[in-house]
Amino acid sequence: GQMNAARSQFTTTLLRDGRVLVAGGGAGSDAVSSAEIYDPTTGKWSATGNMNTARSSHTAILLGNGKVLVMGGWIGDAVTPSAELYDPATGKWVATGDMNSRRTGHRAALLRDGKVLVSGGWTGNDDLASAEVYDPATGWWKITGDLNVARDSHTATLLSTGKVLV
């Protein structure tokens, strides 16, 4: 099947039930707030709730509680620190705490304790070496140690040791 909206620079997140959430992205030069779900059992797409913020080139990650954290990216002609959560049970989005830095091209890794490490990225002017951790229990971000080298569009992989390889 075809998606309901044309988009690029969006995120895809595999949900616990096997469906796939597609969120935001660009349509031409404008970011979109729409989101949709792909069901592989039927091969069909269905609309779900819109994000609170239209964004593209953002990052999304499935949390241990089944919700999806979407953060950063472009909103209009600026990079944002904002973040929001999608609840697959309700199809609704709610705002959560903003990151400490504006980021696009950043990467996220789900840590063993359920927190999310976000590293690097680009502010719209400069690459970032900074990293921060999101705590789903509080909805807040905490700055953590910097990367040795500023970078964007990298990867972040949780290793069996619990460390993250960037």
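Colleague: Two strands pair if DSSP finds at least two bridges between them. With that settled, how many bridges join E1 to strand E2?

Modeller: Four, and the two strands run antiparallel. Please keep in mind that this is a predicted model. Strand E2 covers residues 20-23, and its Val-20 stands opposite Leu-14.

Colleague: Which residues of E1 are on the covered face, and which on the uncovered one?

Modeller: Thr-11 and Thr-13 form the covered face, while Thr-12 and Leu-14 form the uncovered one. In a regular strand, side chains alternate between the two faces of the sheet.

Colleague: And which residue in the hairpin of E1 and E2 takes a positive phi?

Modeller: Gly-18 does, with a value near 95°. The hairpin has five residues between its strands.

Colleague: Let us move to E7 and E8. In which sense do they pair, and over how many bridges?

Modeller: E7 and E8 are antiparallel partners, with four bridges between them. One of the bridge pairs is Ala-60 with Val-70, the latter in E8. These strands also form a hairpin with five residues between them, and Gly-66 in the turn has a positive phi of about 90°.

Colleague: What about the faces of E7, covered and uncovered?

Modeller: Thr-59 and Ile-61 lie on the covered face, whereas Ala-60 and Leu-62 lie on the uncovered one.

Colleague: Staying with Ile-61: what is it in contact with, leaving aside neighbours within four places in sequence?

Modeller: Its contacts include Leu-69, Met-71, Ala-108 and Val-116, as well as Thr-13 and Lys-67. Ile-61 also belongs to the largest nonpolar core, which has twelve residues.

Colleague: Which other residues make up that largest core?

Modeller: Besides Ile-61, the members are Leu-63, Leu-69, Met-71, Ala-83, Leu-85, Met-99, Ala-108, Val-116, Val-118, Tyr-134 and Trp-141. Another core, of ten residues, lies apart from it, and Ala-35, Val-68, Tyr-86 and Trp-93 are among its members.

Colleague: How many salt bridges does the count come to?

Modeller: The count is four. One of them joins the side chains of Glu-36 and Arg-7, at 2.9 Å from N to O. Glu-36 is in strand E5 (residues 35-39) and Arg-7 is in the segment before E1, so this pair ties together parts 29 residues apart in sequence.

Colleague: Why does Glu-36 count as buried, and why Arg-7?

Modeller: The cut-off for buried is under 20% relative accessible area. Glu-36 counts as buried because its relative accessibility is 1%, and Arg-7 because its value is 11%.

Colleague: Where do Arg-55 and Glu-84 lie?

Modeller: Their side chains meet in a salt bridge of 2.9 Å, N to O. Arg-55 lies in the loop between strands E6 (44-48) and E7 (59-62), and Glu-84 in strand E11, so the pair links parts that are 29 residues apart in sequence. Both Arg-55 and Glu-84 are buried.

Colleague: Which side chain joins that of Ser-82 in a polar contact?

Modeller: That of Arg-55, at 2.9 Å. Ser-82 is found in the loop between strand E10 (78-79) and E11, and counts as buried because its relative accessibility is 13%. Beyond four places in sequence, Ser-82 is in contact with Thr-53, Arg-55, Val-70, Met-71, Gly-72 and Asp-98.

Colleague: And which residue forms a salt bridge with Glu-132?

Modeller: Arg-103, with the closest N and O atoms 2.9 Å apart. Glu-132 lies in strand E15 (residues 131-135) and Arg-103 in the loop between strands E12 (92-96) and E13 (107-110), so parts 29 residues apart in sequence are tied together. Both Glu-132 and Arg-103 are buried.

Colleague: Finally, where is the place of Ser-8?

Modeller: Ser-8 is in the segment before strand E1 (11-14). With a relative accessible area of 35%, Ser-8 is partly exposed. Its C-alpha atom is separated by 5.0 Å from that of Gly-26, which is 18 residues away along the chain. Not counting residues up to four places away in sequence, Ser-8 touches Gly-25 and Gly-26.

Terms used
Residues numbered from 1 in each chain as written. Predicted model: local features only at pLDDT ≥ 70, side-chain atom pairs only at ≥ 80, totals over all residues. Heavy atoms only, no water. Core = buried A, V, L, I, M, F, W, Y, C linked by side-chain atoms within 4.5 Å. Buried < 20%, exposed > 50% of the residue type's maximum accessible area, 1.4 Å probe, protein only. Contact = heavy atoms within 4.5 Å. Polar contact = N/O pair within 3.5 Å; in protein donor to acceptor, adjacent residues only side chain to side chain.
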